[in-house]
Amino acid sequence: MSIKFNVNGFPYEVQPSDFPADITLNTFLREHLHLTATKFMCLEGGCGVCVCVIRRRNPTTGEVHTRAANSCLTLLNTCDDVDIVTDEGLGNKGSGYHPIQKRLAKMNGTQCGFCSPGFVMNMYGLLESKAGHVTMAEVEDAFGGNICRCTGYRPILDAMKSFATDSTISVPGECVDIEDSFELLCPRTGQCGSGGCSRATLSTQNDSHWHWPKSLADLFTALSQVSSNELYILVSGNTAHGAYRRSRDIKHFIDVNNVPELKQYSIESDHILLGANLTLTETMEIFRLAEQRAGFEYCAQLWQHFNLIANLPVRNNGTLAGNISTKKQYPHFASDIFITFETLDAHVLVHEHPGAQRVLTLLDYLHDTTPNLVIGGFLLRPYPTTKYLFNTYKILPRAQNVHAYVNAGFLIEWNDDQHHIVQSARICFGNLSPSFVHAVEVESLLVGRDLYDAATVSEAFERLEASLQVVEMPPEASPEYRHKLACSLFYKFLLWSAPEELVKKQKRSGGLLLERPLSSGSQTFETISKNYPVTQPVQKLEGLIQCSGEAPYMNDLLTTSNAVHCAFVTAKRVGATIEQIDPTPALRCKGVVAFYAAKDIPGVNNFNNASVLVVEPEEVFCSGRVKHYDQPLGVIAAVNHDLAVYAATLVQVTYANEQKKPILTSMNQVLASGESSRIVQMNKSNGENSTLKVPLAPGDVMGRGILELESQYHFTMEPQTTIVVPFEQGLQVWCATQWMDLTQYSIAAMLQLDASLVQLQVRRVGGAYGAKVTRCNQVACAAALVAHKLNRPARFVQTIESMMECNGKRYACRSDYDFVVRASGAISMLNNNFYEDAGCSLNENVVDFLTMPAVRNVYNLNATNFKVNGSAVVTDAPSSTWCRAPGTAEGIAMAEVQLEHIAFASKLDPADVRLVNLRPGNKMVQLLPRFLASTEYRQRRHDINAFNAQNRWRKRGIGLSLMEFPLATSIGYSYPTTVSIYHSDGSVVITHGGIEIGQGINTKAAQVAAFTLGLPLEKVRIESSNTVNGANAMVTANSMASEMIGLAVRKACDTLNKRLQPVRQALGPNATWKQIVERAWTQSILLIATDSYKVGDIPNYNIYGLCLTELEVDILTGNHLIRRVDILEDAGESLSPNIDVGQVEGAFVMGLGYYLNELLLYDRQTGRLLTNRTWNYHPPGAKDIPIDFRIELLQKNPNPVGFMRSKATGEPAFCLSVGVLFAMQHALQSARDDAGLPREWVRLGAPTTPETVVLNAGTEVQRFALK
């Protein structure tokens, strides 16, 4: 028996016995059909790069439904009788591009491009599922499961919202209108089949069995074949795997997608029946129908709550029974379906066999141990609004696609017509502890009481506070926060439901959750037409093929069938010594080919051979003392990726000399431990004294503070990836690296080969931000070792868990500062002792190279009033590395926080304190007054203060941040570039030593070449970077490579122009370009020119920026909305304004993640990273960006020393995002004042999460009252 389905209209038939039982659709599409537009990253439905569209027939109605799906979660064997559409099938160069692809590219919605196909397919699924009729709100809501680290989302959302029926988005004229061109694709080989044929049980590769029941009776027949000692799973969407990994010991997979009894629903006057296998999306559609019926109005609130569960593709495929079954298996799972249904006293219809069913409460079902119990459906009863009050809550770490800090539901049955006296109550909370659900004491207290009576309210919170059972559940938020949050949610429920006259006016807004309106943005910049295509806002060169999935990345490269896949084996005992490694259990697994460790390396066991900023070797494989948890100690090679990852866990390691001292994964732990040997002072600003001291004058203000900025994971969408193919005497390497030269050298030194025998090629990299400067080399070296030893191709694609656990991240920073200022706010003394977390080695240290030049920022700080000392701290964590604006972001943040603190201590406006402290002659002296006026800063601050005075539980704040970003070009040693002209048609190709990582280096290079040679931009093409034409090229980092490559391109083009000049003169002014180059070729004039940037071609310069951030905070939950952001950035004469605006937006939003969302937590006992995947590490999503996002590139502002008068834009705007802390401080101070706390500075750092806000707001549960 076989499985049949269509992919992009073409029929396929597969035999399950040919594949592993749990092979995913993603693996099949990529590795067997070679449809690589569907990407591969988190493998848990949390990033969106794998999204495709699936059309599936409903077994009950026969209707075909179109839904976006995560192919990484969808099991191939559940795809029988479906149609699948991938990005290649949607549109391509052969059949023509789809409007979604074209519009996303044209509207600057792609940078690195790795996430673009997922966005395109999610949008297509939404449009087709709604027959092309969607609103802007529906569109903006649909991308919670699509992460983009590059763009900041604004241009993506604009492009997608332009397809909405109510769109107000301006669409470029080149984009064809949706009504004229949008077609819902139909399969070229017919529709989905009827689904009527029965299918036998089939065995798969690994001795497991798949069953495809077509009825409830078939389902129990399948269950009867499961012996008592075998594991089985009922499979529909497989979305639970995204939260809790499926056991490898499952022997029976039972696909329930075609069991009609489980897909039924009915809406009756006395109940709603929801079939167990209804997806969340289908359930939400039913809620929309049911909310119109008397007694079921509460379904409108269920829809709102379900809309916050996971993301659209997960809701499209995850089912009700799957969710509740997950809750049963994992009691600590914060199930929103469970908490909402339990609040409503929903019942579960279960089957023990086809003819026997019974009804259980949800809690009874969770504790029922009957074997082979099948959920048939859920029963919801009516709750008329005349008799009942209902609401639910879910408080998240970010806007979408994350499980709750705390979820809650409240149902009140009234005993009177006035809706005051309670007859019964259900008060339910989730994610407090695995066993706690009902606040029983409060439920019983409220019976017969007036819900809104002051005494009732007071006693209810007294009992609630005492009875809540909240336990530690790392990496969940602290028990203190979750306890307070649970109480706050019940308080919010009371404020929301109480009659208006019973609630104090200032408290009313506390009853509502923050509601986010549609986002929008504006982009203002200057173009200079005489320089076109330079300064022209052109489409990114690779934009269209990125949006269609035709742009290949490293893991898209095809290799021969004998290729092996690699995975790291890692150490688990920090401080211990590796005594013995036994790979035997792994090597026994069928398909595992080899294991290699440090002893197998023929050359140098070091993956970081950089000639700059490296002070010690970093081992490819740990050979002795373990420096951090999950330090790689070897590599497994196997015939497929999943097997390699699994086999790596089987290798047995024996340790000796286990460390008795505590494991110190953070600087604070080191500082508290007193281990001074771990603290390495890198730089003193002046003199020998560690601090300055000044006498106090009348009116002087003094203060001190601590700023703590934790680390940040780069979260590149493309994983660390290397493919190595043995070739002749050497190796061909395809590596996602920012620094080909270093990767080449590190591999060659490890294998004792000449560098010339290791040749790299890099077409593009799917996001980098510093993660692929040196950290990529550990993967590259491991893959190269395997390929070298086995003499067969090796592929190494790190999992997200492996990347987060093994690889270094941003330098964390701590600043201890104190100050004395005059009454005007002018600084008379500022001491700054700062520390930066180096991890387990001092390599790539940022302290003196990058942080020190930035700590003064734009301010008048000198030897007479400023003292700074910087130290690197060695911790038991992976060696830290560069991450977008490394060191500089921390230096500027320190200066800005210190100025903000000074303003607070002096009781002065933060803008005025900055004005009085600006360095004389600094560009900011002119820019700041203009910016304050254009953004209406003073009026807005006044209005915010007025708003805060009128609202107890909602607060707003505004934060100003300034930047002088020192761009250091001194390490740009060499950026070779070759420009070639083809005589046959005059087209031009460029290859260079830079790396396209999404920053637009290729587009800018092409613009420069077209301008210099006088050609249309379409005539210029960029080829892959490689270590032949790009030999010895320096790193693409520090925002500088685009300019340096541009300069090298211009040099080469100038050489070509000089060679062509005699031909031009001879042919006369009417000669065409084609004629000129054809004649030159006949005269043996070389039409290839190579040149390079060299140190000194572009001197160091400063980049200036200003930002004003306004936010609104819910003091009861800690959640916030960023209402508006204004950024003015000095980009000189932008070479490519669309690209530069995109860089500003993307860098700023990445900074918002750093300051608000992204929390890394380690196990204090073992040093293990607890937040190691999308389930628990949360970069910003599409609805976390500013609602009103205004970007201006400073106009009439040429850079006299920059290339073509431009400035870099890749990193600086990250530094401006620190202003969000000041807006939060502003809001928080108002809340603290209302709480009666003394006026004192609150230490806010990175990240300032909702937990930070609530625990610093001074809120006391005992004081919760309506009046």
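A: Cysteine 150 lies in the loop that joins helix H5 (136–141) to helix H6 (154–161); helices here are DSSP runs of type H or I with at least four residues, strands are E runs of at least two, and both are numbered from the N terminus. The model is predicted, so local features need pLDDT of at least 70 and side-chain atom pairs 80 or more, while totals for chains, interfaces and linings use all residues. Residues are numbered from 1 along each chain as its sequence is written, and side-chain values use heavy atoms, without hydrogens or water.

With a relative accessible area of 5%, cysteine 150 is buried (under 20%, for a 1.4 Å probe and protein chains only). Beyond residues up to four places away in sequence, cysteine 150 touches Gln111, Cys112, Tyr769, Gly1142 and Gly1146; contact means heavy atoms within 4.5 Å.

An unreviewed UniProt entry lists Cys150 under "binding site", together with Cys112, Cys115 and Cys148; such annotations may be inferred rather than shown by experiment. The four span 39 residues in sequence, but no two of their C-alpha atoms are more than 9.3 Å apart, so they gather at one spot. Of these residues, Cys150 is included in the lining of the largest cavity (grid points, 1 Å apart, where a 1.4 Å probe fits but cannot get out; lining residues have an atom within 4 Å of a point).

Cysteine 112 is in the loop between helix H3 (99–106) and helix H4 (116–129). Its relative accessibility is 4%, so cysteine 112 is buried. Apart from neighbours within four places in sequence, cysteine 112 is in contact with Cys150, Gln546, Tyr553, Val765, Gly766, Gly767, Ile997 and Gly998.

Now the sheet. Five strands form an open, antiparallel sheet in the order E10-E11-E14-E12-E13, where pairing takes at least two DSSP bridges. Strand E10 (265–267) and strand E13 (356–361) are the edges, each pairing on one side only. On average, neighbouring strands are turned by 25° against each other, direction ignored. Strand E12 (residues 347–353) and strand E14 (residues 374–380) run antiparallel and are joined by five bridges. Histidine 347 stands opposite leucine 379 in E14.

Helix H9 (residues 280–290) lies across E10, strand E11 (272–275) and E14, at about 15° to E10. Helix H12 (residues 320–329) also packs on the sheet, touching E11 and E14, and its direction makes about 105° with that of E14. Angles run from 0 to 180 degrees between N-to-C directions of axes fitted to C-alpha atoms, for helices over the stretch in contact.

Technical notes:
1 Å grid on protein atoms, 1.4 Å probe; cavity = no way out; pocket = protein on both sides within 12 Å on 5 of 7 lines; lining within 4 Å. Buried < 20%, exposed > 50% of the residue type's maximum accessible area, 1.4 Å probe, protein only.
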